[in-house]
Amino acid sequence: MSPFWSGWVIFLIVLNLGIALFLFVWAQRMKIPTQPDGTTGHAWAHGVLREGVRRLPLWWVILSAAGFVFAMVYLVLYPGFGGFGGVLGWTSAGEHEREAAENAARLEQVFAVLDEMKLDQVPSGHPVARLGRQLYLDNCAACHGTDATGRTALGAPNLVDGKWLYGGDPDTVVKSILDGRRGTMPPWGEALGRDGLVQVTSYVLALGTPAAETMTEGKARFETTCAACHGLDGKGNPALGAPDLTDEDWLYGGDFASVMASIRDGRSGQMPAWRGRLSEQEARAVAAWLYARGEKKPLARRVADETIAAAPSEGAAY
Ligand code: HEC
Ligand code: HEC
């Protein structure tokens with residue numbers, strides 16, 4: 001505050017408090033002349049009302065005096081008297097810093113457990129898992145669903161079924177979160193032709209059952225075209241993020257048309273990188289929650305997520 005404004009504020013405070021104090025003291029001391037009947041002699045409403053003389057009630061005097069004392073003590077202790085900062089040295093910025101530091105210390109304490117415990121052993125009720133859940137809901141639910149069971153429309157995988165495209169050890173999962181992932185499945189429609197496409201699709205859907213062994217054309221095409229990434233047995237390759245094609249889980253849907261579309265047109269699921277938006281500790285907290293959530297094997301909320309996806313305000317709801 002510049003000296004001028006400081007002086008101006010001090011002037012106003014002194015003036016206001018001074019006038020109020022003067023009136024207060026003066027009112028106590030002044031004597032109002034009274035008539036023999038004890039009134040001031042003023043008559044109102046054609047003589048029906050006459051103005052009496054009363055002392056100010058004691059409680060009012062005490063309360064007002066206390067008000068003056070409070071105002072002055074406050075101005076001595078806290079900022080308010082122009083540029084004078086108050087003898088306590090309190091500032092709102094200082095208060096904010098103190099609270100921020102307290103918060104940071106509390107967070108530090110919450111995160112500390114991640115150094116002692118493996119990410120996949122944190123129980124779901126632990127504060128760090130609860131923090132992870134909050135971060136998950138803020139950042140990830142729009143794509144992976146509020147309960148982390150994935151969203152087919154986006155190719156965002158289920159994160160709580162214990163199966164992982166890129167591997168499920170804590171370091172790999174945290175790396176997926178911080179650096180992002182981009183799985184690239186090339187389009188094979190032209191190379192395979194219509195018949196080839198149908199054969200391979202049938203073979204992929206039969207993978208893991210005895211029927212697959214009888215589909216010789218599909219098998220041969222799969223082994224020459226697809227096995228390099230998905231493996232001879234179709235179980236996928238975590239180094240490439242090539243999914244296991246033998247299980248019941250599908251990133252993009254498991255009906256004939258969806259699987260054929262995946263093979264014909266290719267797919268490219270993109271997981272954004274969160275480095276810079278989430279700290280390493282925060283990413284680890286989210287991973288801890290995912291593991292803790294996985295223990296419970298939740299499955300039922302998928303329908304609700306798909307419904308939210310169809311709502312016009314997508315994203316805002318999270
Ligand atoms: C824009 C949508 C989107 C958002 C937001 C998003 N993800 Fe993903 N995520 C994906 C997609 C798509 C994939 C699959 C990538 C692929 O196919 O290679 C993926 C993959 C992953 C994987 C690897 C899964 C595996 O099986 O190996 C993890 C872990 C993951 N996401 C966690 C998260 C977390 C945690 C967040 C929030 C901090 C998040 N994702 C936010 C779309 C998203
Ligand atoms: C260059 C490596 C590569 C080759 C070759 C490849 N794929 Fe893929 N495929 C992938 C990757 C990576 C994904 C995951 C894409 C994503 O994450 O969006 C994928 C996804 C798929 C999917 C979708 C799976 C799901 O869960 O929805 C199907 C089906 C599939 N591939 C079948 C095939 C078939 C059949 C062939 C051979 C004609 C083949 N792929 C060749 C890498 C490959």
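**Reading contacts, helices and ligand shells**

Me: Leaving aside its neighbours within four places in sequence, which residues is Ser-6 in contact with?

Reply: Contact means heavy atoms within 4.5 Å. With neighbours within four places in sequence left out, Ser-6 is in contact with Met-1, Gly-82 and Gly-83.

Me: What am I looking at, and how are things named?

Reply: This is a predicted model, where local features need pLDDT of at least 70, side-chain atom pairs count only at pLDDT 80 or more, and totals for chains, interfaces and linings use all residues. Residues are numbered from 1 along each chain as its sequence is written, chains are lettered from A and ligands numbered from 1 in the order in which they are written, and side-chain values use heavy atoms, with hydrogens and water left out.

Me: Is Ser-6 buried or exposed?

Reply: Start with the cut-offs. Buried means under 20% relative accessible area, exposed over 50%, partly exposed in between (1.4 Å probe, protein chains only). Ser-6 has 12% relative accessibility, so it counts as buried.

Me: Which helix does Ser-6 lie in?

Reply: Helices (H or I, at least four residues) and strands (E, at least two) are DSSP runs, numbered from the N terminus. Ser-6 lies in α1, residues 3-29.

Me: At what angle do the axes of α3 and α4 cross?

Reply: Axes are lines fitted to C-alpha atoms, for helices over the stretch in contact, and angles run from 0 to 180 degrees between N-to-C directions. Helix α3 (residues 92-116) and helix α4 (residues 127-139) have axes that come within 8 Å and cross at roughly 105 degrees. Under 35 degrees counts as roughly parallel, over 145 as roughly antiparallel, 65 to 115 as roughly perpendicular and the rest as oblique. Therefore α3 is roughly perpendicular to α4.

Me: Which residues make that contact, and of what class are they?

Reply: From α3 come Leu-107, Val-110, Phe-111, Val-113 and Leu-114; from α4 come Pro-127, Val-128 and Leu-131. Ala, Val, Leu, Ile, Met, Phe, Trp, Tyr, Cys and Pro count as nonpolar, Asp, Glu, Lys and Arg as charged, and the others, Gly among them, as polar. The contact has 8 nonpolar, no polar and no charged residues.

Me: Now ligand 1. Which residues come nearest?

Reply: A residue is near a molecule or strand if one of its heavy atoms lies within 4 Å of it. Around ligand 1 there are 25 residues, and Cys-140, Cys-143, His-144, Tyr-166 and Met-271 come nearest. By class, 16 are nonpolar, 7 polar and 2 charged. Helix α6 gives the largest share, 3 residues.

Me: Which polar atoms meet ligand 1?

Reply: A polar contact is a pair of N or O atoms within 3.5 Å; within protein, one must be able to donate a hydrogen and the other to accept it, and residues adjacent in sequence count only if both atoms are side-chain atoms. The side chain of His-144 has an N or O atom 2.8 Å from a nitrogen atom of the ligand. Tyr-166 puts a polar side-chain atom 2.4 Å from a ligand oxygen. Gly-183 uses a backbone N or O atom, 2.8 Å from an oxygen atom of ligand 1.

Me: How many residues surround ligand 2, and which are the closest?

Reply: There are 25, with Met-185, Cys-226, Cys-229, His-230 and Tyr-252 the closest. Helix α8 gives the most, 4 residues. Tyr-252 has a side-chain N or O atom 2.5 Å from an oxygen atom of ligand 2. For Leu-251, a polar backbone atom is 2.7 Å from a ligand oxygen.

Me: Which residues of α9 are buried?

Reply: Ser-258, Val-259, Met-260, Ala-261, Ser-262 and Ile-263. Their cover includes α7. Just after α9, Gly-266 takes a positive phi of about 80 degrees.
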